[in-house]
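Work through the exercises below with the sequence and the 3D structure at hand. Try each task before reading its solution.

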Amino acid sequence: MNLRAVKAIYMFEMMRTWRTLAQSIVAPVISTILYFIVFGAAIGSRITEVEGVSYGTFIVPGLIMLSVLNQSVSNASFGIYFPRFIGTIYEVLTAPISFYEITLGYVGAAATKSIILGLIILATAGLFVPLEIAHPWWMALFLVLTAFSFSLFGFIIGIWADNWEKLQIVPMLLITPLAFLGGSFYSVSMLPPAWQTVTMFNPIVYLISGFRWSFFEISDVPVELSLTMVGLFMLLCLVAVWWIFKTGYRLRD
Amino acid sequence: MQISNVAVVREEHNISMSVVIEINDLTKVYGDNLEALKGINLEIRRGEIFALLGPNGAGKTTLIGIICGIVNPSSGSARVNGFDVQKDYLKSRAVIGYVPQELTTETFESVMDTVKYSRGLFGKKPDAAHIEKVLRALSLWDRKDSSIMSLSGGMKRRVLIAKALSHEPEILFLDEPTAGVDVELRKEMWGVVRNLRDNGVTIFLTTHYIEEAEQMADRVGVIDQGQLVLVEDKDSLMRKLGSKQLTLDLHKSLKSIPKTVARKGLTLTNNGTQLVYSYDTKAERTGITALLNALSKAKIKFRDLSTSQSSLEDIFISLVEKKK
């Protein structure tokens with residue numbers, strides 16, 4: 001494996017994060033604090049507890065997931081789209097690097113940023129509500145898997161998009177609504193039965209449910225099923241990336 | 001001392017000019033019917049400077065793109081150091097440096113960071129001394145900490161070359177390296193390229209500046225409408241295809257060429273003050289002696305004489321025109 005090349009891409013991408021610290025870290029943290037104020041304080045005053053957990057605490061895993069999902073997709077999609085847009089992608093394409101090394105460099109950097117962000121939000125949440133993590137290793141596993149799988153998804157979007165609008169459209173019209181409707185701020189059991197069934201077609205439900213279980217040992221679906229769904233999603237994305245590099249889709253003429 | 005070492009290196013390379021790039025029946029069709037390359041066969045020798053000439057849209061960039069891995073071929077094959085550019089792409093690309101035609105540079109990064117990044121991409125260990133040498137050779141050392149967006153177009157072009165040289169390639173592809181570059185910088189770049197060749201780097205450059213090919217190339221290829229029209233040693237090409245002109249500055253102007261002097265290839269120019277005689281350098285007899293004898297008999301005196309040879313540009317235009 002060309003580890004130096006992976007490191008070069010990874011470090012180059014991370015350099016951008018430090019250069020744009022306000023945009024990469026501060027903005028999402030402020031957004032999360034606003035969610036806390038609106039949902040935690042305003043709605044939380046009316047819903048005191050969900051399945052034995054105070055509402056403010058209950059929404060923490062969902063809020064972290066919401067940011068991690070969005071940031072993973074936008075970091076990874078921008079990371080690969082920008083060199084395509086300005087033309088510097090030629091250098092990666094002419095270097096002796098395999099597709100999985102390129103993917104590891106870009107997706108690894110995007111996922112790292114999301115994980116750092118997720119942990120910052122977790123720490124910030126700790127300032128607002130009492131927090132205990134029942135299964136910290138499971139929490140870390142879900143966080144890492146989610147960050148990587150959605151960074152892979154973002155990487156695919158960054159290759160597919162041929163203009164800035166398309167780059168924005170998937171996070172705006174797909175990820176955010178699915179995350180909101182995936183139980184970020186409520187338990188699926190709070191929905192009417194018909195909507196509970198519909199919700200089960202939303203893949204993000206499984207992520208949030210598994211992640212929440214690692215905090216409070218309460219979940220909408222069995223944790224094994226959550227893990228399987230994340231794994232399946234990651235596998236699908238990996239197959240798509242493999243196909244992209246094999247055919248040169250949107251990368252090579 | 002340094003010069004003699006360089007000369008030895010060059011000589012060794014001339015002796016063992018093995019083939020470093022082999023291209024066989026390479027085609028590229030864009031979309032349904034735009035044939036950019038039509039069955040290209042070409043061999044590039046180790047250590048040479050090969051200049052590929054051709055008008056815009058002739059297929060130069062596509063050909064380079066396939067060898068470097070940016071463009072997928074439609075059929076045929078290309079091998080670098082014996083490795084197929086598609087099947088063994090990791091090995092073939094490891095020895096290639098590529099400088100694109102467009103000024104595609106990063107924006108916010110510093111010169112140093114972007115050059116180090118390029119070296120890393122090729123899996124090479126960090127080497128501060130080599131990076132410094134490259135940046136100094138390209139007069140970029142003083143700007144190493146500047147962000148790329150603050151550089152002029154010429155400097156960005158040098159950054160692209162520095163990036164390609166950062167990983168010590170055996171073969172360097174330069175796609176229109178001096179397009180849009182001022183004359184001074186162009187000559188400076190020619191010096192850098194010659195120096196690379198002297199150190200054993202094979203150079204493959206595309207250009208539509210004939211002067212560039214004429215000044216630098218060991219061999220010249222001409223591509224037009226996706227087909228290689230010609231591949232030839234530059235000097236032998238110019239000898240073979242180039243005609244020479246003998247210009248005689250006359251002592252007294254003539255109204256017309258006397259019948260005893262008139263012959264094929266002889267024209268009276270410059271208000272009758274110059275006789276220009278075009279002759280074939282390859283012909284068994286050039287006809288110069290006969291012409292001078294005839295002038296002497298006709299008592300036509302001249303003050304000065306000079307010869308000039310057809311430029312590569314003349315040859316290139318005649319080849320492309322002939323094809324049309």
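The exercises go from the whole chain to single residues of this predicted model.

**Exercise 1. Overview of chain B**

Task: Find how many helices and strands chain B has, and what share of its residues counts as buried.

Solution: 
- Step 1. The secondary structure of chain B consists of 11 helices and 14 strands.
- Step 2. Chain B has 324 residues, and 47% of them count as buried.
- Step 3. The accessible surface of the chain is about 15900 Å², with 48% of it belonging to carbon and sulfur atoms.
- Step 4. Of the contacts in chain B between residues at least 6 apart in sequence, 71% join residues at least 24 apart.

**Exercise 2. Confidence and domains**

Task: State which residues of chain B have a pLDDT under 50, and where the domain bounds lie.

Solution: 
- Step 1. The average pLDDT of chain B is 86, and 89% of the residues score at least 70.
- Step 2. Over residues 1–16 of chain B, pLDDT stays under 50. For this stretch the model has 11 contacts beyond four places in sequence.
- Step 3. The domain assignment gives domain 1 as 2–239 and domain 2 as 243–323.
- Step 4. Taken over C-alpha atoms, the centres of domain 1 and domain 2 of chain B are separated by 40 Å.

**Exercise 3. The two sides of helix H5**

Task: Sort residues of helix H5 of chain B into buried and exposed, and say where the buried ones lie around the axis.

Solution: 
- Step 1. Helix H5 of chain B spans residues 128–137, and its buried residues are B:His130, B:Ile131, B:Val134 and B:Leu135.
- Step 2. These residues are on the same side of H5(B), because they cover an arc of only 130° around the axis.
- Step 3. B:Ala128, B:Ala129 and B:Lys133 are exposed on the other side of H5(B).
- Step 4. The packing partners of the buried residues of H5(B) are helix H4 (111–121) and helix H6 (153–165) of chain B.
- Step 5. At the start of H5(B), the backbone nitrogen of B:Ala129 has a side-chain oxygen of B:Asp127 within 3.2 Å.
- Step 6. After H5(B) comes B:Ser139, with a positive phi near 55°.

**Exercise 4. A residue in helix H4**

Task: Is B:Val115 buried or exposed, and which residues is it in contact with beyond four places in sequence?

Solution: 
- Step 1. B:Val115 is found in helix H4 of chain B.
- Step 2. The relative accessible area of B:Val115 is 0%, so the residue is buried.
- Step 3. Beyond its neighbours within four places in sequence, B:Val115 is in contact with B:Ile131, B:Leu135, B:Ala162, B:Lys163 and B:Ser166. Among these, B:Ile131 and B:Leu135 are buried residues of H5(B).
- Step 4. B:Val115 and B:Ala164 are 49 residues apart in sequence, with 8.4 Å from C-alpha to C-alpha.

Terms used:
Residues numbered from 1 in each chain as written. Chains lettered and ligands numbered in written order. Predicted model: local features only at pLDDT ≥ 70, side-chain atom pairs only at ≥ 80, totals over all residues. Heavy atoms only, no water. pLDDT = per-residue confidence, 0-100. Contact = heavy atoms within 4.5 Å. Buried < 20%, exposed > 50% of the residue type's maximum accessible area, 1.4 Å probe, protein only. Helix = DSSP H or I, 4+ residues; strand = E, 2+ residues; numbered from the N terminus. Arc of directions from axis to C-beta. Polar contact = N/O pair within 3.5 Å; in protein donor to acceptor, adjacent residues only side chain to side chain. Areas by Shrake-Rupley, 256 points an atom, 1.4 Å probe, with all protein chains shown as cover. Domains from an automatic or database assignment.
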